[in-house]
Amino acid sequence: MLLSVLAALATLNFAESTQCDPSSYHQPAAAHSAVELPLLAGHTRSVVEPFQFAVVAPESRMYTPSLPGWHGTISAAAIVTPALGARFAMYLVNASAGASSTDGTLYEGAPSGLERFLYVLHGTVFVKEESQGERRLEYGGFVYYAPGEKMNTFVGDEGSSFVLIDQVYAGAFKPVSVIGNEAEAGTEFVPGEVFKLRRLLNGSDPGYDFNIHIMDFAPGEYMNVKEVHYNQHGLLMLRGHGIYLLGERFFPVATGDALYMAPFVPQWFGALGPTSARYFLYKDVNTNPLLH
Ligand code: UGY
Ligand code: MN
């Protein structure tokens with residue numbers, strides 16, 4: 001009985017698909033328009049292979065109402081922490097007006113040598129730094145607090161959100177704090193590659209032990225090098241979609257997905273779809289590979 005019902009359903013589906021109007025094949029815009037498929041119960045695209053890589057899709061993120069050293073209404077999803085094998089922490093943070101991290105280096109239990117990078121996704125964040133005074137950051141605005149810097153950060157708007165990177169400094173210099181906006185960072189071509197690069201925290205200064213880049217791909221562009229390197233990455237898809245090679249597997253990724261790549265994980269990205277793709281990328285640099 002069950003078999004005959006399934007057979008009847010299969011015939012029905014086949015009959016429907018053969019009735020598809022062939023003229024619609026000539027409507028690429030409709031064919032490409034974003035279709036929000038309802039999520040299947042119990043299904044997530046998130047995949048975590050500790051000490052190798054993680055793809056954390058929005059539907060599986062867990063937000064907690066606290067973040068060490070922060071006050072006010074805040075909720076943070078820890079995407080990357082040392083529990084995964086990483087040497088840094090990457091959080092996605094939602095915050096309300098009035099939330100703040102003041103003198104963050106002084107909070108109880110803060111590791112000595114804490115350095116921090118904050119990149120604004122929505123809303124307004126005010127930051128205060130000794131030499132540059134108070135600055136207002138909106139989308140694309142960022143601050144790097146060097147180790148020992150007072151981390152005065154105040155959230156200005158309801159519904160603000162940002163990416164936060166915390167790390168314990170492993171370099172041998174005294175790096176300086178930086179405040180800026182990605183719009184002020186010139187785009188660069190990387191020899192042998194097609195993507196465009198913007199350096200927010202510039203690792204060509206040996207004082208910094210990580211860099212932050214924004215990488216842009218036009219539709220159809222892909223990385224030339226199938227990279228394997230000793231450095232780790234934290235990544236947030238800011239725009240578009242594509243396919244990421246992690247280890248030996250390919251993962252479709254889209255705006256909002258967050259990734260971790262451990263040292264030596266083979267990695268490659270291709271931008272698929274009709275729009276350009278952009279991602280935010282953390283990479284640890286300038287440390288002695290023998291020691292880290
Ligand atoms: O600089 C990098 O390592 C960068 N090209 N990696 C990546 O995009 N996965
Ligand atoms: Mn890389």
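Student: What is the bridge partner of Ser 101 in strand 10?
Tutor: The partner is Thr 153. This is a predicted model, where local features need pLDDT of at least 70 and side-chain atom pairs count only at pLDDT 80 or more. Residues are numbered from 1 along each chain as its sequence is written.

Student: How do you know that strand 5 and strand 10 pair?
Tutor: Two strands pair if DSSP finds at least two bridges between them. Strand 5 and strand 10 (residues 152-155) have two bridges, in the antiparallel sense, so they meet the definition.

Student: What makes strand 5 and strand 8 edge strands?
Tutor: The open sheet has four strands in the order 5-10-7-8. Strand 5 (100-101) and strand 8 (133-137) each pair on one side only.

Student: Which residues are the protein donors of the manganese ion (ligand 2)?
Tutor: Glu 227, His 229, His 233 and Gln 267 are its protein donors, at 2.1 to 2.3 Å. They count because donors are N, O and S atoms within 2.8 Å of the metal (3.2 Å for Na, K and Ca).

Student: Why is the site of the manganese ion (ligand 2) called octahedral?
Tutor: Six donors count as octahedral if opposite donors are over 155 degrees apart and all others between 65 and 115. The six donor atoms here make angles of 76 to 172°, and the site is octahedral.

Student: Is Glu 227 buried or exposed?
Tutor: Glu 227 is buried, as is His 229. Buried means under 20% relative accessible area, exposed over 50% (1.4 Å probe, protein chains only).

Methods: Chains are lettered from A and ligands numbered from 1 in the order in which they are written. Side-chain values use heavy atoms; hydrogens and water are left out. Four donors count as tetrahedral if all angles lie between 85 and 135 degrees; four count as square planar and six as octahedral if opposite donors are over 155 degrees apart and all others between 65 and 115; anything else is irregular.
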